[in-house]
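Notebook open, model loaded. I went through the fold and jotted down what I looked up as I went.

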Amino acid sequence: MKNKKVYLIYAIVLLVAFLVSIPSWMKLQEPTATVYSGEKRTVKLPTLKIIDEKSESRPIAVMINNHNYARTNHAGLQDAFVVYEMIVEGGITRLMAIYKDQTTERIGSVRSSRHNFLDYASEYDAIYVHFGWSNLAKQDISSFGIQNINGLYDNSGFWRDRTLKVPVEHTAFTNIERILEVAEKKGYDVTTEKKVPLHYQVYPISLEKKLDAIKADKIVLRYSNYMTTSYMYDAENQVYKRYANGKEHVDAITKEQYYFKNIIVMKVKNYSVDSYGRQNLDTTGSGEGYYITNGYARKIKWEKETRTSDTIYTYETGEEVVLNDGNTFIQVQPITEETVIEEVSSDS
């Protein structure tokens, strides 16, 4: 009887050890399935296209100038897997494009840092790229220990395009190769163990049959008298084409209109913090918004405990928001400004 107990204990220990080892073993395998269709064969299951979930390469967050003078010269935004838009001062907005495993040859134009963008760059453990900074951004980059590349000091990471007929502050550009070269010279890590905070699903997600679904053919997001961002749904390609102040938002190099698979709208409070009118946004706490994809929208809630913690997106039911496989634009919009989501009839 004693020997039987010993064998039983030994068998349980072996079983537990095997079960514990399964997750790490599975990570080494390509997702596969065995299919029987007259003959046995193994096929690869689909994986995400927007990012490589197995890649440990560190994301790169670049501050993008969104002044009217600069917008017609925008380049490289389509390669970003996520882009943020936020109000900064004087009614203008600035963008932050985040790249991972890209070789984009022209990004910009690059402009100065504003402190609230750090709240989101930190969610990705991104190398933060900018050309100048506000006083608050300078303080926070130091206090948060943000590994950054600044055009005021890291000259080799940027160039000026003097052929553009715009003021000089709208002419700074960079690319992934230069950014990585500067990062390595500065001793920054170019890999990270931090997972991307956005959650995706390989198989298509449809919001259409949800009880709270809103038909979303046209989205209009007002930021100020100066800036209104909008999107129109392209049903054939199942993406949203982007507009800025009513005009197609087009890449200066490819000449193609920017488009996005997912749109997240976050409503936040904002207020001036200095005589210049620079803004602070209440990025922590909680608020409301929308998740928009494939022609439909649902109301969501966002929560962020601290400035450096991840933002959590959930539906009003409490269910976590999972994104379609594709690029995402996160619109951090003033809570006082109007959000219009509407259906467009085929006759219009």
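**Ground rules.** I am reading a predicted model, where local features need pLDDT of at least 70, side-chain atom pairs count only at pLDDT 80 or more, and totals for chains, interfaces and linings use all residues. I number residues from 1 along each chain as its sequence is written, and side-chain values use heavy atoms, with hydrogens and water left out.

**Confidence.** I checked pLDDT (the predictor's confidence in each residue, from 0 to 100) before anything else. The chain averages 91, and 87% of the residues score at least 70.

**Whole chain.** I counted five helices and 26 strands. These are DSSP runs numbered from the N terminus: helices are H or I with at least four residues, strands are E with at least two. Of the 348 residues, 49% count as buried. Buried means under 20% relative accessible area, exposed over 50%, partly exposed in between, using a 1.4 Å probe and protein chains only. The chain exposes about 18,400 Å², and carbon and sulfur atoms supply 51% of that; the areas come from the Shrake-Rupley method with a 1.4 Å probe, and for residues only the protein chains shown count as cover. Among contacts with a separation of 6 or more, 63% are between residues 24 or more positions apart.

**Strand β3.** Next I asked how many residues of β3 (60-64) are buried. Five of the five are, so the strand is largely enclosed by the rest of the structure. Ile60, Val62 and Ile64 point one way, Ala61 and Met63 the other way. Then I looked up the partners; two strands pair if DSSP finds at least two bridges between them. β3 pairs with β5 (93-99) in the antiparallel sense over five bridges, and Met63 stands opposite Met96 there. With β7 (127-130) β3 runs parallel, joined by three bridges. Ala61 has Tyr128 of β7 as its bridge partner.

**A three-stranded sheet.** I traced an open antiparallel sheet in the order β6-β10-β9. β6 (107-108) and β9 (159-160) are at the edges with a single partner strand each, so one side of each has no neighbour in the sheet. Two bridges join β6 to β10 (172-174), and Ile107 has Thr174 as its bridge partner in β10.

**Helix α4.** Which residues of α4 (135-143) are buried? I found Ala137, Asp140 and Ile141. The buried residues pack against α3, β7 and β8 (148-150). The face turned away from them carries exposed Asn135, Ser142 and Ser143. After α4 comes Gly145, with a positive phi near 65°.

Ser134 is in the loop between β7 and α4, and at 4% relative accessibility I have it down as buried. Leaving aside neighbours within four places in sequence, Ser134 contacts Ser113, Arg114, His115 and Arg278.

Most residues other than glycine have a negative phi, and most peptide bonds are trans. I noted these exceptions.

- The peptide bond from Gly108 to Ser109 is cis, with omega near 5°. Ser109 is in the loop between β6 and α3 (115-121).
- Asp125 is not a glycine but has a positive phi of about 50°. I placed Asp125 in the loop between α3 and β7, partly exposed at 28% relative accessibility.
- Asn294 also has a positive phi of about 50° without being a glycine. The loop here is the one between β21 (285-293) and β22 (296-304), and Asn294 is buried, with a relative accessible area of 16%.

Technical notes:
Contact = heavy atoms within 4.5 Å.
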